[in-house]
Amino acid sequence: MVLSCQNVGKAFNEKQIFKNCSFHIEDHEKAAIVGINGAGKTTLLRILTGELEADEGMVVWGKDVSYGYLPQNAQVEGGRSIYDEVMEAKRDVLLLEEEIRSCELQMKQAEGSALEDLMETYTRLTHRFEQADGYSCRSEVTGVLKGLGFTEEEFSKQVSTLSGGQKTRVALGRLLLTRPDLIILDEPTNHLDMSSIAWLETWLINYKGAVLIVSHDRYFLDRIATKIIELDGGKVSVFSGSYSDYAMKKEQIRAAQMHAYLNQQQEIKHQEAVIEKLRSFNREKSIRRAESREKMLQKMEVLEKPTEIRDDMHIQLKPRIESGNDVLSVEGLAKAFDGQQLFSDLSFFLKRGEHVAVIGDNGTGKTTILKIINGLVDADAGEIRIGSKVQIGYYDQEHHVLHPDKTIFEEISDEYPTLTNTEIRNVLAAFLFTGEDVFKQIKMLSGGERGRVSLAKLMLSEANFLILDEPTNHLDITSKEILEDALNNYTGTVLYVSHDRYFINRTASRILELEGGVLTGYQGNYDYYLEKKAQLAQAAAGGGISSSNQSSVSGAGTTAAGRGAAAGFPAGSAAGGTASGRDTSESAVKQEWKNQKEAQAAQRKKENALKRCEERIAALEERSSRIDEEMARPEICTDVAKLQELSREKADIEEELLLKMEEWEQLSE
């Protein structure tokens, strides 16, 4: 065991973040902590590493276990170069190398027993050096830096001159090279481009130690995690398997909980109706039965209603008008900054309804393309034509379209003056801004909050062409899924830049890859793009494209057995099956239909019996009331024979009423 978390709880200002948090991390295990923003993921990591003290419970580490922790936006400082800073992770190996070099110099001048002692020391030091992979130390550092997106020309850059994101990458590289028993990473992909994320995935998958990750990158989690630790509503649940396995199990559990809740609510309503009916009979026995049922109802442990799937934020993207079929035409586009050519002679076209993702490494010019199309940056060359009736809605990852000194309310009301205060508040509530929150200034908001304001403005724009720059940045998984659903239901055209591969996979119908100043198109989602890239790489290496790969792309070459399996038939059987198989299937269908009809007939019979019972009870009660009226009439009061007759009839009615009420109670169940 590497780590055990036992019944840990934490609260801030009397708000319980989580309680009774328990899980463990085993040797070589790859685990991920997931949950919405504010669920307490980072707080939990800080408790595990001792930065924060838990209110209750305990964290137990295995004997002699080492760990490395990379917080969000971790940075390195100092005057070292990038290479030297990361090489510090190998300080022990470097010191060992210095001792070996010193020993070699001394051996040149030593004689006799002194030489023998030095040779023995040298042998011992070189053995330790080999065990520490000292000979591959420098190539390992170079490989990690390149994997994280640094070029060899950048290795000599001073750390102090780097951006925040670059410093975080340096800190990540240094941590990976320390190779602790447990690597703990908080949002490690935030400052990485796609190729760097893919490299990190491979590195962590092959890492012999254990890994614990907090991340909103679902594609990343799907590739790495073998255990999911979920923080939801202050409770902790552990699921084995990948992120997709977790998502499927979570939905199954939620469906079962909702089914149980709805069944119980139906039973409660039924019991309340029975109680009300029993009381309406106004008989001592029926009142006692009603009271007995009330006590049973009070003792029932009422289930809480499960939270609706993604019901906390509501996005509906609807174009006001439909654009022409040709939405965008870009020809011969070129742009350079400070003499450095980003791209030249780029051309592509967008048709109405297309959802196109632009991908590529950081710094290739993806965001610049969007800004040129939106008129925020001038192109050096090329022509951009916007189609007829096209109305653009723009989402900027830096949220420059927001005014920092305005409040959230003013940001919406100034842009859409025809909206009433109530309408504005309703829109903002749909994006989780309620009460006094709407009067917060934009400059005081977090990245995720600014993103939600930008999404609100985007929704209100009713544009038919959306241009989105990194729309999932700062959004938690739940919010990403909401945006994905909104885009998939959107009938307009979408062009966006993103490094969120899961998001691209769910929303893109075409991919444009910008690499080395060249734009390459792929008709399909991210999985298809990866498959096609692999085939092209294989072909370029001289291997050609295998027939199996061609089949997987085109969908051709499927066997009859394969088609049968795809359609739901057992593996190894043809799609149609034998005549005997068809007869068996038809017989089963007929039997199912017969059973269904019998069940429906039985249900109708019970309903009719209940209706007749209720009608008979009503008739008996009405006759009982009339007998009371007759017995009170003066001419009857003096007629003993008539009184006896009415009394006997009333007694018979009371007896039949009791029987009918028992029958009604049974039928009502």
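Me: In this predicted model, which residues does Ile504 touch, leaving out those up to four places away in sequence?
Reply: Ile504 touches Met194, Ala357, Ile359, Tyr496, Ser498, Ile511, Asn525 and Tyr526. Contact here means heavy atoms within 4.5 Å.

Me: What makes the largest nonpolar core, and which residues have the most contacts inside it?
Reply: A core joins buried nonpolar residues through side-chain atoms within 4.5 Å. The largest has 56 residues. Ile315, Phe431, Leu466, Ile504 and Ile511 have the most contacts inside it. Helix α14 (residues 447–461) gives the largest share, 6 residues.

Me: Why are α5 and α7 called oblique to each other?
Reply: Helix α5 (residues 137–147) and helix α7 (residues 194–206) pack at about 135 degrees. Roughly perpendicular ends at 115, and roughly antiparallel needs over 145. The pair is therefore oblique. Their axes are 9 Å apart.

Me: What makes the contact of α5 with α7, and how many of its residues are charged?
Reply: α5 brings Gly143, Val144 and Gly147, and α7 brings Ser196, Trp199 and Trp203. Gly counts as polar. The tally is 3 nonpolar, 3 polar and no charged residues.

Me: Why is α6 described as mostly covered?
Reply: Buried means under 20% relative accessible area. In α6, 12 of 15 residues are buried, including Lys167 and Arg169. The buried residues pack against β5, α2, α5, β6 and α7.

Me: How does the reach of α6 from first C-alpha to last stand against the expected span?
Reply: α6 (residues 164–178) reaches 22 Å, close to the 21 Å expected. Just after α6, Arg179 takes a positive phi of about 50 degrees.

Note on methods: Residues numbered from 1 in each chain as written. Predicted model: local features only at pLDDT ≥ 70, side-chain atom pairs only at ≥ 80, totals over all residues. Heavy atoms only, no water. Axes fitted to C-alpha atoms, helices over the stretch in contact; angles between N-to-C directions. Helix = DSSP H or I, 4+ residues; strand = E, 2+ residues; numbered from the N terminus. Parallel < 35°, antiparallel > 145°, perpendicular 65-115°, else oblique. Expected span 1.5 Å × (residues − 1). Buried < 20%, exposed > 50% of the residue type's maximum accessible area, 1.4 Å probe, protein only.
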